[in-house]
Amino acid sequence: MSKHPTLRRLCAALATAGGLLISSATPAAERAFIIPPPAADQAASAAATATQEKAVIAGGCFWGGQAGTANYNAVGSGRTGHAEAVEITYDPRQISYGQLLQIYFSVAHDPTQLNRQGPDHGTQYRSAVFPANDSQRKVAEAYIAQLNKTGVYPKALATTIEPLQAFYPAEDYHQDYLVRNPNSLYIVINDVPKVENLAKTFPDWWRDKPVLVGAKH
């Protein structure tokens with residue numbers, strides 16, 4: 001079991017509750033993209049002074065935009081400007097921002113799809129990175145440029161880099177959705193393959209028991 005509890009939560013959050021994932025009718029999109037680590041990255045060492053940092057990436061069940069429209073019915077219209085995203089709290093002494101992006105671009109979603117993920121479409125499903133600071137922005141910009149040169153993807157990444165204006169948690173029933181609804185047909189078809197890809201592609205970063213949002217879990 002990995003010592004890094006964030007990562008199954010990352011993949012599960014990106015892969016659930018927001019209708020993000022690829023239908024089984026498009027099996028090619030379910031494969032993991034095997035990609036190199038970022039050539040330019042922030043340090044992830046014991047010498048790092050911060051014990052907690054945050055990363056916000058779009059592809060899940062939380063939203064960033066205007067507070068008044070941060071609810072599922074409004075966001076689902078595709079007209080609010082919100083992006084379904086997840087906020088990750090991580091320890092930079094154990095994992096770097098660039099390593100989180102590697103997992104995100106490899107197994108969490110298909111970054112080449114413009115304003116959609118599989119059967120779900122709209123600007124709320126866009127692939128986007130919301131850097132918390134200039135250092136994160138530089139890592140994300142360099143990594144996207146690097147990945148576009150690899151030839152791994154069928155086309156250029158559609159991922160945008162956008163200012164982080166605010167982050168609003170989704171309603172309670174979205175939290176820990178995969179754990180609460182393991183037999184949901186949508187979960188089984190669209191989400192579980194992403195979690196399986198995480199375990200196979202990044203075994204050193206995998207842990208079987210996820211870290212949950214709700215204290216009652």
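Select D134, R137, K138 and E141 to begin: a network of salt bridges links these four residues. The model on display is a predicted one, and it holds 6 salt bridges.

Next, display helix α4, residues 134-148, together with helix α3, residues 97-108. Their axes come within 10 Å and cross at roughly 40°; the two helices are therefore oblique to each other. The crossing of α3 past α4 is right-handed. To view the contact itself, select Y97, G98, L101, Q102 and F105 on α3, then Q136, V139, A140, Y143, I144 and L147 on α4. Of the residues in this contact, 8 are nonpolar and 3 are polar, with no charged residue present.

Proceed to K54 and E87, which form a salt bridge whose closest N and O atoms are 3.9 Å apart. K54 belongs to strand β1 (residues 53-64) and E87 to strand β2 (residues 83-90), so this pair ties together parts that are 33 residues apart in sequence. K54 is partly exposed at 40% relative accessible area, and E87 is also partly exposed, at 23%.

Now select D91 and R93, a salt bridge with 3.0 Å between the closest N and O atoms. D91 is buried, its relative accessible area being 15%, whereas R93 is partly exposed at 36%.

Finish at R126 and E162, whose side chains meet in a salt bridge of 2.8 Å, N to O. R126 sits in the loop between β4 (120-121) and β5 (128-130), and E162 in the loop between β6 (160-161) and α5 (177-180), so the pair ties together parts that are 36 residues apart in sequence. Both R126 and E162 are buried.

Note on methods: Residues numbered from 1 in each chain as written. Predicted model: local features only at pLDDT ≥ 70, side-chain atom pairs only at ≥ 80, totals over all residues. Heavy atoms only, no water. Axes fitted to C-alpha atoms, helices over the stretch in contact; angles between N-to-C directions. Helix = DSSP H or I, 4+ residues; strand = E, 2+ residues; numbered from the N terminus. Parallel < 35°, antiparallel > 145°, perpendicular 65-115°, else oblique. Left-handed = near helix turned anticlockwise from the far one by under 90°. Contact = heavy atoms within 4.5 Å. Nonpolar A, V, L, I, M, F, W, Y, C, P; charged D, E, K, R; others polar. Buried < 20%, exposed > 50% of the residue type's maximum accessible area, 1.4 Å probe, protein only.
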